[in-house]
Amino acid sequence: MTAKYAVFGHPVAHSLSPRIHAAFARQEGVDLSYVAIEAAPEDFAAAIHAFGAVGGAGANITLPHKERVVALCSQLSDRARRAGAVNTIVRAGAAWHGDNTDGLGLVHDLTERHRLDLRGRRVLLLGAGGAARGVAPSLLDAGVDSLWIVNRSPEKADALSDALGEPGRVHTRYLADLPSLGGFELIVNATSAGRGDGLSLPFSLAAPRSLAVDLSYGEAAISFLAWAGAAGCVHRIDGLGMLVEQAAESFALWHGRRPATDAVYAELAARADALQTAD
Ligand code: ATR
């Protein structure tokens, strides 16, 4: 029987995950189906239950459910517990095991694909939702010097800082403090602001060797990366590479081997370029 996998989100229709997992499956000779399932917050628990009832073997969980799904998992990996967010669930008997591959995916993309050294960098993390939670533990593990978390709702930044449990390296500040924080060598946009009103960021956040990363890709990443260019950030990277790498880590959790990612990344990047040229 073909094993069933899915990505749950809201909205999820434009998710690239079905395409990525289908490509990995072809490459690795694995028989699977992987579909996108739209679930509004109030329907999410029932949708996961229904997926389990029809034999679902595993799923990715995306915006805005990464924190919500934690309560539906009977076990969590260490990294998912530290993040307080889950992006991958794996069937464990009648229950779900929750893990988070976002952070590993981001660090892999930056250090392996882009050959950037994260060690010793002063890091600004914009946002404290599921996406920010997923990457924060891995940034600390990658050896950054300090992590400054700034979120529109300050209590969520404080909650993330508490969960990370490294008061010496992790600091929280208000959005209004941004002009007085100085420069950062890595600025990560983990907000969903690019899909709405946008963020208002001062140029003083950019330092001489600043790397700016938006965890979104495509249209949602345009305004932050345009700001980063104007502010003088030397490297500007969207979340497409992270998306492919976190998918490879999820694939490894489900199927026991990590697929090579270069061909899938190249295909998606070429397609994104073609779309932008067509615009
Ligand atoms: P995700 O799973 O992508 O993190 P989320 O949990 O809904 O989704 O979190 C979205 C993040 O973007 C939050 O940090 C949110 O700030 P709040 O916690 O204050 O809601 C942030 N965000 C969304 N729109 C924003 C805006 N216009 N300005 C600043 N921050 C914004």
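Figure 1. L125 is buried, its relative accessible area being 0%. The model shown here and in the following views is a predicted one. L125 belongs to strand β7, which spans residues 122-126. Leaving out residues up to four places away in sequence, L125 touches A132, V135, A136, L147, W148, I149, V150, L160, V188 and A190. V35 stands 90 residues from L125 in sequence, and the C-alpha atoms of L125 and V35 are 31 Å apart in space.

Figure 2. The domain assignment divides the chain into domain 1, made of 3-101 + 243-263, and domain 2, made of 103-240. A distance of 24 Å separates the C-alpha centres of domain 1 and domain 2. Contacts between the domains involve 21 residues of domain 1 and 20 residues of domain 2. The size of an interface is often expressed as the accessible area lost when the parts come together. Between them, domain 1 and domain 2 bury about 1,600 Å², and 49% of this area is on carbon and sulfur atoms.

Figure 3. Eleven residue pairs are in polar contact across the interface of domain 1 and domain 2, with both residues at pLDDT 80 or more. On the side of domain 1 that touches domain 2, α3 (78-83) and α8 (240-255) each supply at least two residues. The most is given by α8, with five residues. By class, this side of domain 1 has six nonpolar, seven polar and eight charged residues. Four salt bridges are counted between domain 1 and domain 2.

**Figure 4. R113 and its salt-bridge partners.** R113 forms a salt bridge with D262, in which the closest N and O atoms are 3.9 Å apart. R113 also forms a salt bridge with D109, where the closest N and O atoms are 2.6 Å apart. R113 and D109 are separated by about one helical turn, because they are four residues apart in helix α4 (residues 102-113). R113 counts as partly exposed at 21% relative accessibility, whereas D109 counts as buried at 1%.

**Figure 5. The R133 and E67 pair.** Side chains of opposite charge can pair when their charged atoms come close. The salt-bridge count comes to 14. In the salt bridge between R133 and E67, the closest N and O atoms are 3.5 Å apart. R133 lies in helix α5 (residues 130-141) and E67 in the loop between β3 (56-61) and β4, so this pair ties together parts that are 66 residues apart in sequence. R133 counts as buried at 10% relative accessibility, while E67 is partly exposed with a relative accessible area of 34%.

Figure 6. The side chains of R119 and D117 meet in a salt bridge with an N to O distance of 2.9 Å. R119 is exposed, with a relative accessible area of 57%; D117 is partly exposed, at 37%. Salt bridges with shared partners join D109, R113, E245, E249, R258 and D262 into one network.

**Figure 7. Surroundings of S77.** S77 is found in the loop between β4 (75-76) and α3. S77 is buried, with a relative accessible area of 12%. The side chain of S77 makes a polar contact of 2.7 Å with the side chain of D99. Apart from neighbours within four places in sequence, S77 is in contact with H97, G98, D99 and N100.

Terms used: Residues are numbered from 1 along each chain as its sequence is written. This is a predicted model: local features need pLDDT of at least 70, side-chain atom pairs count only at pLDDT 80 or more; totals for chains, interfaces and linings use all residues. Side-chain values use heavy atoms; hydrogens and water are left out. Domain bounds come from an automatic or database domain assignment. Contact means heavy atoms within 4.5 Å. Buried area is the accessible area (1.4 Å probe) that two parts lose on being put together, summed over both. A polar contact is a pair of N or O atoms within 3.5 Å; within protein, one must be able to donate a hydrogen and the other to accept it, and residues adjacent in sequence count only if both atoms are side-chain atoms. Ala, Val, Leu, Ile, Met, Phe, Trp, Tyr, Cys and Pro count as nonpolar, Asp, Glu, Lys and Arg as charged, and the others, Gly among them, as polar. Buried means under 20% relative accessible area, exposed over 50%, partly exposed in between (1.4 Å probe, protein chains only).
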